[in-house]
Amino acid sequence: MKKSFLKIFLLTGLILVSSCSEDLLEPYNPGSLTQDEALTNVSDLTLMVNGAYANMNSRSESEFVSIFTDEVGIGYANGGQGISAEWIFQMIPNSNLPTAIWTQSYASLARANRVILYADKVKVGTATGETETDRKKALAQAYAIRAYNHLRILAYFSSNPKDDSALAGILSTRIYAYDEPGQQRTTNGEFYKLIFDDLDKALDLYNQIGAPALGAQDAEKQRANKFFVMGLKARAYAYRGDYPNALIWANNVISQSGVALANKTQYRNTFFNDTDATEVIFKLKRNAVNNSAGYNLHNAWVSVRPRLTGSPYYEVGRSLHNRLNPTNLDPATLSTTIADVRANVIIAPSSILAANYTNTPDYRNDDIIIINKHGGVATGTTTAAVTSTNGFNNDIKIMRLSEMYLIRAEARAAANDLTGVAAAIKVVRDARYGSAQPAGSFANVTDAWAAILNERRLEFAFEGYRFLDLKRLGTLANSGLDRDAADYSSASANYPSANPINLPLNSYKWTLPIPQAEINANPNITQNPGY
């Protein structure tokens, strides 16, 4: 396994930012610093934690998930991106999503494990950044990061996250020797045990420190804080199908974190310019110097900036648009004509809509719905995001408070409490509409699950949730992919023939393949069925 980890580091160029110039991996090179020499002070641990965050800091999950599912349509400026791969549901061991998630997660785990190993060996001092409190903060973050990455691997690579006997990935709990034989995958049950043990250890450390509620503290939200740990417990229990515990931890975050759902203005600023983090629990900070093609969120879907003339590779899928703007109102007016702020956040005001998109002769060029969410603008065309060095770069939101309310809704559905489902969804909708909304009513629990899945679709569009949401909840909701047929037909484009529902929920492709890079380096590993 270590051979695979080493190749991953070398191939991806994820070099550690710390007090030493070498990545702390075997084999030992004469003249380079060893781990014992590199990790001696508390500040060294903090630098190693920062390296673990750097490995998590990627747009690939949001990008691939949006294209593979039903969030996007092909943009008028598309030059072939995705059309012969993700867009037609191609999933092979060399595909981008499995490779990115696997390599980034294990690179981050390698750093977290080093922090955990050396946390009790470093020298504690009295200077700023060198205290016992700083040491405990670094260790708590390392445990949280390790839990997060293991949960992500389990969710994508396990055939059934609710089955403790199903295989997940390779459990990473220590530093592997370079010449150690390749490791085999372990079960979900073993993964969950480590995940919850790590989260309990992180929570205990934060309680020892006396970590305060988050409130509006933006700086605290840029690290794996106490309430992210609690929220991750809620998420992990939901993935496992243990909804009584998921409900407990979701409620704990809601009642104790000091975080509130954003109002409409705050919600726009959360995604357009990052000037508000009211409902953010944890986000990965992005610096302006990283803002170049390949490293920012908006450039996943547009070449230049999120507006009509910004050269979009992908656009908002028509079915998603229709959920938000069912009467085809002018996109330039959505900030005032549609109460649900998510319509304005997702659909750029510079978009143009065909009067009758199902019959327009050139759908690709007559119906252009620009993705506005990351770096966009409420009105006009002067967006915060633009693809240029040192330009604005959106932070990546890993957890927001709305997820906790929707986990509460899942728990109520699992208990067949239809009124409770409606109440939990209503809290989110009240915030997004800016006024009290009528509570939903459901004929049966399947309808309730469908309402949850739809609300998550609107709330987390282009944030990387949709693939796992369909995998987890699609069968319960009797609801699968929802691509509009218009996204497949245009006189100006040669799209592959496909049906909007041609990837059924029982497809093996809802479980990602073990990446080819791992198989090449570790022939002992078991590949998932179908690949």
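Contact here means heavy atoms within 4.5 Å. This is a predicted model, so local features need pLDDT of at least 70 and side-chain atom pairs count only at pLDDT 80 or more, while totals for chains, interfaces and linings use all residues. Residues are numbered from 1 along each chain as its sequence is written, and side-chain values use heavy atoms, with hydrogens and water left out.

Let's start with Pro-306. Leaving aside neighbours within four places in sequence, Pro-306 is in contact with His-298, Ala-348, Ile-370, Ile-371, Asn-372, His-374, Gly-375, Gly-376, Thr-383 and Ala-385. The residue sits in the loop between strand 2 (280-284) and strand 3 (314-316); strands are DSSP runs of E with at least two residues, helices are runs of H or I with at least four, and both are numbered from the N terminus. Pro-306 counts as buried because its relative accessibility is 1% (buried is under 20% relative accessible area, exposed over 50%, partly exposed in between, using a 1.4 Å probe and protein chains only). Ser-350 is 44 residues away in sequence, yet the C-alpha to C-alpha distance to Pro-306 is 9.0 Å.

Next up is Arg-146, in helix 6 (residues 132-157). Arg-146 is buried too, at 5% relative accessible area. Setting aside neighbours within four places, its contacts include Leu-109, Ile-116, Ser-172 and Leu-194. Polar contacts are pairs of N or O atoms within 3.5 Å; within protein, one must be able to donate a hydrogen and the other to accept it, and residues adjacent in sequence count only if both atoms are side-chain atoms. Here are the two that the Arg-146 side chain makes:

| Side chain | Partner side chain | Distance |
|---|---|---|
| Arg-146 | Asn-113 | 2.9 Å |
| Arg-146 | Asp-198 | 2.7 Å |

Then there's helix 8 (residues 226-240). Of its 15 residues, 14 are buried, so helix 8 is largely enclosed by the rest of the structure. Just past helix 8, Gly-241 takes a positive phi of about 85°.

Helix 8 packs against helix 9 (residues 243-256) at about 155°, with the axes 7 Å apart (axes are lines fitted to C-alpha atoms, for helices over the stretch in contact, and angles run from 0 to 180 degrees between N-to-C directions). The two helices are therefore roughly antiparallel (over 145 degrees; under 35 is roughly parallel, 65 to 115 roughly perpendicular, and the rest oblique). Among the residues that meet are Phe-227, Met-230 and Tyr-237 in helix 8, and Tyr-243, Trp-249 and Val-253 in helix 9.

Notes. The expected span of a helix is 1.5 Å times one less than its number of residues.
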